[in-house]
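Have a look at the structure first.

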Amino acid sequence: MESGAEALPSLSAGQIVARRILGTLEAATKTPPGITRAAYGPGEQFAHDLVRAEAEALGARAQVDAAGNLYMRLYGRNPDLPELIIGSHLDTVPHGGNYDGAAGVVAGLAVMADLVERQMAPPRTLTVMVTRAEEAAWFPLSYPGSQAAFGLMTPQELEARRSDTGMTLYDHMAQAGFDPEAVLRGEAQIHSQEIAAFIEVHIEQGPRLLAAGRPIGIVSGIAGGFRYVNARCLGAYAHSGAEPRFSRHDSVLGFCDLMQAMELEWDALQKDGREATITVGRIESDPTQHGGSRVLGELSFTLDIRSGDEAVLTALQERLEAACSEIAARRGVRFDLGPAFSWSTGNMDAELISRLDASAERLAMTVPHLPSGAGHDAAAFAAAGVSSAMLFVRNENGSHNPDESMEMADLDEAIRILGDFVMNYEKN
């Protein structure tokens, strides 16, 4: 990664800001082997304070809402027009990478810096928004910062507990000095009719751009999904040698059968040309109960299922429930999937995609369209009725791990497209 605050003559003001912020973030929030900026934790707050200071140095006005979302506004020549928002998040998963979310915030500030350097005011107000708690690793919720911004958070969601502290989201907001009571009352902090468009830049979290040899892609749609974080297969503990096969209630074999059934369903979908992902991210047994000479009586796991097609999600949900019943009867086990949290597919705005295509064409870039299997705040904005679109930046080694590897030159390309999009928005 390129970092540091050296102002090389060949770099624009925006490129310098981008390198400075990302370098500072990496140094300040490194927790080997990766980067950790917990939602409503000190790392995320450090990141918010850092970008706020950079924005205010550029002449932007900062505002923090009741949930702690940060808005940095560079007012346009006609501030009465609905604003353009470039946004993303600054929290990370535990020991993740430096770029997931941060690249998008930095890209927005870089566009601001380039405008200021050229002494150009945007035609309408340009806002860089930093949402809170996007990473579901902390709270088992979908886009809580964006949901709170639109006044859509439910009382039950405010009671969600952070995975490491056990404290509720309400308490974390209060502890950080925000106003969870206003969030509880459903007070909207932003309104869809006052937003012309929401654009999110994000590193790609898969290998498609790398395989295509392209630095930038335009997202065609965002997958929805559902996730069980406390699923269990329940059988009965028994002696490994004394318990005959006919009387076993083996939770390991029950779990394996379930995974095989879901993979067969996935194979069938793939043969039909329909995309989905099925992931078990954690498998656990009780260390006080398990052992080499025991049939395992209980196995805990997570299950994450995603697709950009709501019909596929419905079919997978139905197959999951049917498979649990079939296997339970055959294996003598029981499945308790526990509560699920789900999120809708995100439809990207066709007109905005055309505008981004036009910007890329003016800059002589070839920019492929590709789906996003991961969820993003842009989906929450689209669901709230805001025209939304996304740019992906090529990134090697995936994300949610310490090995994210985005080239700054690739982010520079995204910043160029964004800058052109902003300055030509009124012309298209």
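Before we get to packing, one term: contact here means heavy atoms within 4.5 Å. Also keep in mind that this is a predicted model.

Start with helix 2, residues 42–57. Its buried residues are G43, E44, A47, H48, L50, V51, E54 and A55. Viewed down the axis of helix 2, these buried residues fall within an arc of 165°, so they line one face of the helix. What do the buried residues of helix 2 pack against? Their partners are helix 1 (13–29), strand 4 (70–74), helix 3 (102–117) and strand 6 (126–131). On the other side of helix 2, P42 and A57 are exposed. Just past helix 2 comes G59, with a positive phi of about 100°.

V312, L313, L316, Q317, L320, A323, C324 and I327 are the buried residues of helix 10. They cover an arc of only 140° around the axis, which puts them on the same side of helix 10. Elements covering these buried residues include strand 9 (224–234), helix 9 (251–271), strand 11 (277–279), strand 14 and strand 15 (334–336). The face of helix 10 turned away from the buried side carries the exposed residues E318, S325 and A329. At the start of helix 10, a side-chain oxygen of D309 comes to within 2.8 Å of the backbone nitrogen of A311. After helix 10 you meet G332, whose phi is positive, near 70°.

| Helix | Residues | Length | Span | Expected span |
|---|---|---|---|---|
| Helix 2 | 42–57 | 16 residues | 22 Å | 22 Å |

**Aromatic rings**

How many aromatic pairs turn up in a search of the whole structure? The search finds 8. One of them joins F226 and Y228: the ring centres are 6.2 Å apart and the planes sit at 80°, so the pair is edge-to-face. F226 and Y228 are both buried. F341 and W343 make a tilted pair, with 5.7 Å centre to centre and 40° between the planes. F341 is buried, and so is W343.

Ring pairs also link Y40, F139 and F178 into a cluster. A charge gets involved with a ring too: the charged end of R355 sits over the ring of Y425, 4.1 Å from its centre.

**A buried arginine**

Is R306 buried or exposed? R306 has 17% relative accessibility, and the cut-off for buried is under 20%, so R306 counts as buried. R306 belongs to strand 14 (residues 298–307). Leaving out residues up to four places away in sequence, R306 touches a list of residues that includes A223, R227, L313, W343 and G373. The R306 side chain also reaches the backbone oxygen of G373 at 3.4 Å.

Which peptide bond is cis? That is the bond from P32 to P33, with omega near 15°. P33 is in the loop between strand 1 (30–31) and strand 2 (34–35).

Y40, part of the ring cluster, has a positive phi near 60° although it is not a glycine. Y40 lies in the loop between strand 2 and helix 2, and Y40 is buried, with a relative accessible area of 8%. H400 likewise has a positive phi near 60° without being a glycine. H400 sits in the loop between strand 19 (388–393) and helix 13 (408–423), and H400 is partly exposed, with a relative accessible area of 41%.

Finally, A136 lies in the loop between strand 6 and helix 4 (144–149). At 22% relative accessibility, A136 counts as partly exposed. Apart from its neighbours within four places in sequence, A136 is in contact with L141, R227 and F341.

Terms used:
Residues numbered from 1 in each chain as written. Heavy atoms only, no water. Phe/Tyr/Trp six-rings, centres within 6.5 Å; stacked < 30°, edge-to-face > 60°. Buried < 20%, exposed > 50% of the residue type's maximum accessible area, 1.4 Å probe, protein only. Lys NZ or Arg CZ within 6 Å of the ring centre and 35° of its normal. Helix = DSSP H or I, 4+ residues; strand = E, 2+ residues; numbered from the N terminus. Polar contact = N/O pair within 3.5 Å; in protein donor to acceptor, adjacent residues only side chain to side chain. Expected span 1.5 Å × (residues − 1). Arc of directions from axis to C-beta.
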